[in-house]
Amino acid sequence: VGAGAVGLCLAARLASSGTAVVVATRRPDTARAIERDGLRLEDPASGETTRVRVEAVAPLGAPLDPRAGPVVVCVRSGETAGVARRLADAAPGAVVASAQNDVDNEDLLAEHFARVLGMVVRQTCTLRGETHVLATGRGRLVLGRHPSGIDAAVHGLADRLEAAGFDVGRSPCIVADKWLKLCQNGTSSVNALVRRSDHRS
């Protein structure tokens with residue numbers, strides 16, 4: 001759910017490894033472009049480009065196949081509560097994984113779903129168009145059951161993401177890992193303000 005840089009990067013890599021993927025977006029024109037053109041994932045470091053076809057739907061609301069795999073939420077944090085309500089109507093028994101920054105998205109999803117996973121995404125990616133994303137390198141993902149633990153749902157999604165080429169870790173305390181990512185994001189702005197020549201000192 002979400003057709004931003006992270007959502008399309010995950011979708012393209014999963015689809016290229018053989019996983020059936022449906023991208024849900026709020027804009028019907030974006031869904032039509034994805035279905036018409038497929039996804040293009042480009043790695044600027046290696047020069048490798050991947051093109052894949054995926055299904056796309058918009059807006060989220062139609063019932064989803066209860067046999068489908070986990071639903072990965074990749075929307076801005078301010079949209080999580082609304083997405084959670086619509087998703088609960090479409091797939092009430094789903095396993096939901098939050099691939100979002102911030103630390104309270106999993107709690108919002110847990111108001112509607114019994115099984116929620118957290119996912120830390122360490123992947124440099126940039127949206128270049130409705131169907132085109134740049135992503136550098138393999139990317140590091142960390143998954144765990146929210147608020148803690150590792151279960152079959154974690155292993156199942158982690159296995160799929162590893163098969164898609166990601167470096168994947170399984171966390172017994174995903175809440176701590178989400179806070180760590182938030183702290184690291186906070187230092188990024190400081191690093192950006194310091195001249196590169198002064199980084200070591």
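The side chains of Arg27 and Asp29 meet in a salt bridge, with N and O 2.8 Å apart; the term covers a side-chain nitrogen of Lys or Arg within 4 Å of a carboxyl oxygen of Asp or Glu. Arg27 is partly exposed at a relative accessible area of 40%, and Asp29 is likewise partly exposed at 33%. Here buried stands for under 20% relative accessible area, exposed for over 50%, and partly exposed for values in between (1.4 Å probe, protein chains only). The model is a predicted one, in which local features need pLDDT of at least 70 and side-chain atom pairs count only at pLDDT 80 or more, while totals for chains, interfaces and linings use all residues. Residues are numbered from 1 along each chain as its sequence is written, and side-chain values use heavy atoms, with hydrogens and water left out.

By this rule the chain holds 11 salt bridges. Another of them joins Arg26 to Glu79 at 2.9 Å, N to O. This pair links distant parts of the chain, 53 residues apart: Arg26 sits in the loop between strand S1 (22-24) and helix H2 (28-37), and Glu79 in the loop between strand S5 (71-73) and helix H3 (80-90). Helices (H or I, at least four residues) and strands (E, at least two) are DSSP runs, numbered from the N terminus. Arg26 is exposed, with a relative accessible area of 57%, whereas Glu79 is partly exposed at 25%. Together with Arg76, these two residues form a network of salt bridges.

Glu106 belongs to helix H4 (residues 105-110) and Lys178 to helix H6 (residues 174-193), so the pair ties together parts 72 residues apart in sequence. The relative accessible area is 1% for Glu106 and 5% for Lys178, and both count as buried.

Asp43 is buried yet has no salt bridge, and the nearest side chain of opposite charge, Arg13, is 5.1 Å away; Lys and Arg count as positive and Asp and Glu as negative, with His and the chain ends not counted. Asp43 lies in the loop between strand S2 (39-42) and strand S3 (49-52). Beyond its neighbours within four places in sequence, Asp43 is in contact (heavy atoms within 4.5 Å) with Glu48, Ala135, Thr136 and Gly137.

Turning to the whole chain, there are 6 helices and 9 strands, and 44% of the 201 residues count as buried.
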